[in-house]
Amino acid sequence: GAAKYGTPITLYEKYTVDLVVVGSTAVCPKTGARVGKGEGFAELEWGILSQQGNLDATKVLVVTTVHDSQVFDGGVEEPWKSLMEQQEKDGVDDDGTNSQTPFGSLTQHDVPVDIIVTPTQIIRVPDETKLPKPSGVYWDLLSPQKLAQIRVLQELKKRTEENLGETLPSGPDEVLPPTASRNRKGRGGGGRGRGGRGRG
């Protein structure tokens, strides 16, 4: 749909985004915490747009559409800090993940939602319990492998380093899931032109 009906734009064009719709594997109605497919492209798009001034992280509404069974009230207030606490309390699986909650491994660059739409209800996450949204690209969390997939992000990092006169940090190495490197043709000219890890 985006390729057919969307309009190609450059990294430096000026426009304003006031609504973002994201997919989710699970979402919390109390905090807005969400997990996607684990590739992080939604957060990278968000990071690029907010860093470029096209998106105000404090004002933009984030909406997700899920089945009712994907609404998970994990009660997580700070998902980027909760993993260690949950591991100590509940233990972890052999692969290092925590099976008790899908939100245990979220980090500070994950984008929470404001509105959850299911086939039976529309849930508005309460302001008093809603997680804050990140802003900008978290270069110290972005792996070299993920950076190599996204040419627009490579350009942004190079331009930012030139403007700052210093080298930006890089995140730890990671093994990308198969879907993160497939169908690269037409996605940003050799990489997904989507923008912080994230987790998308």
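Visitor: Which residues touch the most other members of the largest nonpolar core?
Guide: This is a predicted model. Its largest nonpolar core has 17 residues. Those touching the most other members are Val20, Val22, Trp46, Leu55, Val62, Val113 and Ile116.

Visitor: Which element gives this core its largest share?
Guide: Strand 1 (19–22) and helix 2 (41–51) each supply at least two residues of the core. The largest share is three residues. That share comes from helix 2.

Visitor: Is helix 2 largely enclosed or open, and what does it pack against?
Guide: Nine of the 11 residues of helix 2 are buried, so the helix is largely enclosed by the rest of the structure. Among the buried ones are Phe41, Leu44, Trp46 and Ile48. The buried residues of helix 2 pack against strand 1, strand 3 (34–35), strand 4, helix 4 (144–149) and helix 5 (151–164).

Visitor: Which residue with a positive phi follows helix 2?
Guide: Helix 2 spans 41–51. The residue that follows has a phi near 80°. It is glycine 53.

Visitor: What does valine 113 contact beyond its neighbours in sequence?
Guide: Set aside residues within four places of valine 113 in sequence. The contacts of valine 113 are then Val22, Val27, Gly32, Arg34, Val62, Thr64, Val125 and Lys130.

Visitor: Is leucine 61 buried, partly exposed or exposed?
Guide: Leucine 61 sits in strand 4 (residues 61–65). With Leu19 and Val21, Leu61 makes a nonpolar surface patch of about 270 Å². Buried means under 20% relative accessible area, and exposed means over 50%. Leucine 61 has 38% relative accessibility, so it counts as partly exposed.

Methods: Residues numbered from 1 in each chain as written. Predicted model: local features only at pLDDT ≥ 70, side-chain atom pairs only at ≥ 80, totals over all residues. Heavy atoms only, no water. Core = buried A, V, L, I, M, F, W, Y, C linked by side-chain atoms within 4.5 Å. Buried < 20%, exposed > 50% of the residue type's maximum accessible area, 1.4 Å probe, protein only. Helix = DSSP H or I, 4+ residues; strand = E, 2+ residues; numbered from the N terminus. Contact = heavy atoms within 4.5 Å. Patch = residues over 30% accessible without salt bridge, like charges linked within 9 Å, V, L, I, M, F, W, Y side chains within 5 Å. Areas by Shrake-Rupley, 256 points an atom, 1.4 Å probe, with all protein chains shown as cover. Salt bridge = Lys/Arg side-chain N within 4 Å of Asp/Glu carboxyl O.
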